[in-house]
Amino acid sequence: MNIKDYVSGFSNHPILFIGTGISLRYLKNSYTWDGLLRHVAYELSGNDEYYLDLKSGSESDGRYDYTKIAADLEKRFNHKLQSDRNGKFKEVNDEFYKLMENDINCSRFKIYLSRLLKETDVKSEMQEEISELKKIRKNIASIITTNYDLFVEENFEFIPLIGNDILLSNPYGSVYKIHGCVSDPLRLIITESDYSHFNSKYELIRAQLLSMFIHNPILFLGYGIGDENIKSILKTIFTYVEPNSDEANKIRRNFLLVEYEKDSDSLEVVEHDIDLEGYSTIRINKIKTDNFKEIYAALSALTLPVSAMDVRKVQNIVKEIYAGGDIKVNITEDLDSIKNSDKIIAIGSSKTIQYQYLTASEMMANYFKIIDESNSQLLELVNKHTIQSAQYFPIYGFSKICSSIKRIDELKAQQDRKVEGALGSVPDSCKSKHSSINEILEDTNITESNKINAILWLSNTGDIKLDELERFLRNFEDKPDTPYRKLLCIYDQKRYGG
């Protein structure tokens, strides 16, 4: 079965289970487990054989126990730094003693790991594929990862949950970091004792994850077929679910392992049997490929009756209701009588209830998120809004994503007029040569009120590059205000207007 046909059969929002292979694929600064420990050992000793000696003591039947290697390396690392306060790892020691001043006893080894993996520099050749990855987030329920780095949070904008925080969460819109995160080195899980402690407290977390696995399709990305994480998950599920039951068959159909195979363009989903020690053979779906862009395209094209974004909103409201507090229930047939600040859950006929998400102003504030996700469903709401003739509205980029927007030519002409008018009103004092936005912001000869005009003018002449203007707009604080909308319209016109 082709990946598009497989994904189109989903009846619920998929969950991603992301492993080390994804970080290795996209980040400059990423390691396998073996590679990470080898790197730390070399930085500590300056000797490649130091790690090999460590590794040799943790082998059994041809397999290496990296939790034991990590535990041994942690002891040596901490001892070395304790006896060399201001040496090569002075900054790690500084952080250790700062934490200890507040009675927080965190391993120097884990502090170093968190510092080592904190940067998420993306490989330049993978930027285009990551742009496709971002488009799927509108359809993803949640993400589970064993990775420590921040790649998922930065590209999906999901809420990170570490350790027992998972138990207090809403499943939709969360990234479950089950082995910890660089943002909290105290909770990194890497050594033998870490895993022992984790497993002793894992039962409730297992139950939470099991519920998600039963109800949602699961895509494993960045794992190999023999990965212990995959086998552990399957063992957990079939400990609680009868292997030959209808529920078990549903779970099997929902499981897809995306396995990396260099230079392969295969998009065929096939069945694969996994032999679990102490359990019966489990059959799951698998695809071996290097063509991740097409997998992302299939996920991005998925259309379900309720969007993942809407489910997140409802869950947040329901969580408030469960929590109690200042909750009021009003029964009304007149939605117009409800205040803007009220949260609403509406139950009734589609004839009596209308739901519209995002005003035109909110669409502009969320412009880059909509573009990143190619969210055509949301953009169809442009047809429900009245775009005033005096209003700045960036239609060029939106029209590339959603061809069903009405009045496209009229709105493009309006955007062109607004940009032309804005450029025509730029004072001569704002037309001096600058090569960057930062230069303009630091130029004391340009008044604060005219800095936006200077940026507008030089963006039009090409002196300020579109990528720099994009970064400036993404970080713009007052997005509801006219300066943002004005700059956004010239950016949109230049980027997508041809």
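Two residues are in contact when they have heavy atoms within 4.5 Å of each other. By that criterion, residues 24 or more positions apart account for 69% of the contacts in the protein chain with a separation of 6 or more. The model described here is a predicted one, and its protein chain has 498 residues, of which 46% count as buried. The secondary structure of this chain comes to 24 helices and 10 strands.

**Surface and cysteines**

- The protein chain has an accessible surface of about 26100 Å², and carbon and sulfur atoms hold 46% of that area.
- A disulfide is a covalent bond between the sulfur atoms of two cysteines. The structure holds zero disulfides.
- Cysteine 106 has a relative accessible area of 2% and is therefore buried, while cysteine 181, at 1% relative accessibility, also counts as buried.

**The largest pocket**

- Rolling a probe the size of a water molecule over the atoms shows where empty space is left.
- The largest pocket holds about 1400 Å³ of space, and its lining is made up of 45 residues, with Trp33, Tyr195, Asp227, Glu228 and Asn229 lying nearest its centre.
- Two or more residues of this lining come from each of the helices α2 (20–26), α3 (33–45), α5 (66–82), α10 (192–200) and α12 (228–240), and from each of the strands β2 (59–60) and β3 (63–64).
- Sorted by class, the residues that line the largest pocket are 17 nonpolar, 18 polar and 10 charged.

**Helix α23 and its packing**

- Helix α23 covers residues 466–474, and Glu468, Leu469, Glu470 and Leu473 are buried within this helix.
- The buried residues of α23 pack against four helices, namely α17 (367–373), α21 (437–442), α22 (451–461) and α24 (482–496).

**Residues with a positive phi**

- Most residues other than glycine have a negative phi, and most peptide bonds are trans.
- Glutamate 157, although not a glycine, has a positive phi of about 60 degrees. This glutamate is found in the loop between α9 (151–156) and β5 (159–162), and its relative accessibility of 48% is why glutamate 157 counts as partly exposed.
- Arginine 407 is another residue other than glycine with a positive phi, the value being near 60 degrees. Its place is in the loop that runs between α19 (395–401) and α20 (408–424), and with a relative accessible area of 37%, arginine 407 is partly exposed.

**Residues paired across the sequence**

- Serine 174 belongs to strand β6, which covers residues 174–177, and this serine has a relative accessible area of 4%, so that it is buried. The C-alpha atoms of serine 174 and arginine 312 are 9.5 Å apart in space, although the two residues are 138 residues apart in sequence.
- Leucine 267 lies in the loop between β8 (255–260) and β9 (270–274). Buried means under 20% relative accessible area, and leucine 267, at 18% relative accessibility, therefore counts as buried.
- Along the chain, leucine 267 and isoleucine 3 are 264 residues apart, yet their C-alpha atoms are separated by 5.6 Å. Leaving out residues up to four places away in sequence, leucine 267 touches Met1, Asn2 and Ile3, as well as Ile287, Asn291 and Glu294.
- Serine 280 is found in the loop between β9 and β10 (282–289), where its relative accessibility of 39% means that this serine counts as partly exposed.
- Once residues up to four places away in sequence are set aside, serine 280 touches Pro243 and Ile274.

Definitions and conventions:
Residues numbered from 1 in each chain as written. Predicted model: local features only at pLDDT ≥ 70, side-chain atom pairs only at ≥ 80, totals over all residues. Heavy atoms only, no water. 1 Å grid on protein atoms, 1.4 Å probe; cavity = no way out; pocket = protein on both sides within 12 Å on 5 of 7 lines; lining within 4 Å. Points joined across faces, edges and corners; volume = space filled by probe spheres on them. Nonpolar A, V, L, I, M, F, W, Y, C, P; charged D, E, K, R; others polar. Buried < 20%, exposed > 50% of the residue type's maximum accessible area, 1.4 Å probe, protein only. Areas by Shrake-Rupley, 256 points an atom, 1.4 Å probe, with all protein chains shown as cover. Disulfide = S-S within 2.5 Å.
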